[in-house]
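User: I'd like to go through this structure with you. Can we take it piece by piece?

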Amino acid sequence: MKPQEIMEKLEKGMPLSREESAWLDAQLESEEQNRVASFVQGLPAPTPSLAWRASLEERILREIGKKRSFWRRFETNPLFASSLVAAAAAVLIAVVWMKSTSPEPALNAEKIMEWHEEAVASASLPGDGVNMEGFATTGQQGKRDDTDGLLYGGSLHSL
Amino acid sequence: MEIALGAIRLSRSGAAEPGFEDSLVRRCKQRDAEAFGMLVERYQSRVYGFVRHMVREQEEAEDVAQEVFIKAFQNIERFDGRAAFATWLFKIAANLCIDRARRKDRRPEVVNLTYGDSGPAEHEPPDSKFDPHIAAIANEMEKEIEAAIQSLSEKLRSVLLLHDLEGLSYEEIAGAVGVPVGTVKSRLFLARAHLQSALTKYMAHGEAL
C-alpha cells in the first residue's frame, strides 16, 4: 500500500479499500494535517457590517410583504378593489343568465309522448279553424295508424 | 422590529437554551420575522465568514451571504429538523457558493502534490514563538493562506472551510454537500495537502507530504 497510489486514487475519486481508508483516517489526524487545519482556524473572521444587516432585514421584510401584498392591495388600492368586485359581479351575472336561458334539463319518455300527442292533436284542427267541436285535445287518442306499432315498439306483423 | 432582543437573550444566557433554536425555527415557519432575526443574529458571522472565504470578491460575497438567509427564510417550511439547523443553513450556503462559482466558470490554479520528503523548509517562520492556535496571524502569512484556499476547487474548499473553520463534523458536512462521509474525508485530506504544498515555507522543518 503506497501513499502515492492512495493519493492518486483520492485525486481520481476512486473508492478506497478498508486498509486504505484506515490509512486516510490516520493521516487526517497527523501533525502536518492538523497544522494546516490550525492555519485555517487562525484566519480572522470577517464580520458583516451594519449596512449589510440592515439591507438583509429590508429584504426579509419584503419577503414577508409578498405574502400579504394581495390583501393589502385590496385594502389600500380602490381601483384594484373595484376591478375585482366588477369582475366577480360579471361572472355572477353570466352564471345566472346562463341558468335562466338553458333548456329543460330532463327529457323523459313521458314528456316525449306528451309532445307527440299534442302534435297529433294539432293536426286534427278543422281546416277553417271555425268549428272547434271536434277539435282533438291533449289526452284524446288520435286515430291510430297501423304504423304506430312500429313507432311505439310494435312489430311488422301488424302491417 | 426588535431583532436585537433575541440577541440579548442569547448573549446573556451564554449557550442557547435547549430547544430554544427549535422554538425559533417553529416560529419562523409561522413567518415570525423577529424569530428569524434571532436566527440571523446567531449565524450571520459564521455564514458570512464562510461565504467570504468561498467567494473572492467582497461585494459578491455579501450578496451571496444575504441570499443564504433569504433562501432559508423562503424555504423554512421545508426544514424538517432531521439535521441541525446549522447543517441545513451551510448546505444552502455551500450550494449557493458553488453555483455562483460555476456561473463565473472559475478555474483555480492546480497545485501539484508530491508525496515524499521535500527537504528542509526554505524560510524560517516569521515568528519562532508563533502559535497557530492564537487568533492573530502575520499579515503575509494570512494573505498566503487566503490565496492558497482560493486556489482550491469549490469542492475541496467548501469541505475544508466547513470542517476546519466552521467545526462541522464529517457527517454534518456529508449532509450539507450531499456526498458520503468517505468522500468528505478524502476531500478534506486533499485540501489540506494542497495547502501544505502551497505553505511549505510556513511548515516546520521536516517531512512534507
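Predicted model: local features only at pLDDT ≥ 70, side-chain atom pairs only at ≥ 80, totals over all residues.

User: How many helices and strands in chain B?

Analyst: Nine helices and zero strands. Helices (H or I, at least four residues) and strands (E, at least two) are DSSP runs, numbered from the N terminus.

User: And in chain A? How many helices and strands there?

Analyst: Seven helices and zero strands.

User: What about contacts between residues 24 or more positions apart in chain B?

Analyst: They account for 67% of the chain B contacts with a separation of 6 or more. For chain A, 7% of the contacts between residues at least 6 apart join residues at least 24 apart. Contact means heavy atoms within 4.5 Å.

User: Let's go to the core. Which residues touch the most other members?

Analyst: Phe50(B), Val51(B), Phe69(B), Phe85(B) and Leu195(B), out of 78 residues in the largest nonpolar core. H3(B) gives the largest share of this core, 12 residues. A nonpolar core is a set of buried Ala, Val, Leu, Ile, Met, Phe, Trp, Tyr and Cys residues joined through side-chain atoms within 4.5 Å.

User: What does Phe69(B) contact?

Analyst: Leave aside neighbours within four places in sequence. Phe69(B) then contacts Trp52(A) and Leu56(A) in chain A, plus Phe36(B), Val40(B), Tyr43(B), Gln44(B), Val47(B) and Leu89(B).

User: Back to H3(B). At what angle does H3(B) pack with H5(B)?

Analyst: About 35°, with the axes 11 Å apart. Axes are lines fitted to C-alpha atoms, for helices over the stretch in contact, and angles run from 0 to 180 degrees between N-to-C directions.

User: Left-handed or right-handed crossing?

Analyst: The H3(B)–H5(B) crossing is right-handed. A crossing is left-handed if the near helix is turned anticlockwise from the far one by less than a right angle, and right-handed if clockwise.

User: Which residues make the contact?

Analyst: From H3(B), they include Tyr43(B), Arg46(B), Val47(B) and Phe50(B). From H5(B), they include Phe85(B), Leu89(B), Phe90(B) and Cys97(B). The contact residues divide into 13 nonpolar, no polar and one charged. Here Ala, Val, Leu, Ile, Met, Phe, Trp, Tyr, Cys and Pro count as nonpolar, Asp, Glu, Lys and Arg as charged, and the others, Gly among them, as polar.

User: Is Gly37(B) buried or exposed?

Analyst: Gly37(B) counts as buried, at 3% relative accessibility. Gly37(B) lies in helix H3 of chain B. Gly37(B) and Leu24(B) are 13 residues apart in sequence and 9.5 Å apart in space, C-alpha to C-alpha.

User: What comes just after H2(B)?

Analyst: Arg31(B), with a positive phi of about 60°. Arg31(B) lies in the loop between H2 and H3 of chain B, and counts as buried at 19% relative accessibility.

User: Change of topic: H8(B). Which residues of H8(B) are buried?

Analyst: Tyr170(B), Ile173(B), Ala174(B), Ala176(B) and Val177(B). They cover an arc of only 165° around the axis, which puts them on the same side of H8(B).

User: What do the buried residues of H8(B) pack against?

Analyst: H2 of chain A, together with H5, H7 and H9 of chain B. In H7(B) sits His163(B), whose contacts include Tyr170(B) and Ile173(B).

How values were computed. Residues numbered from 1 in each chain as written. Chains lettered and ligands numbered in written order. Heavy atoms only, no water. Buried < 20%, exposed > 50% of the residue type's maximum accessible area, 1.4 Å probe, protein only. Arc of directions from axis to C-beta.
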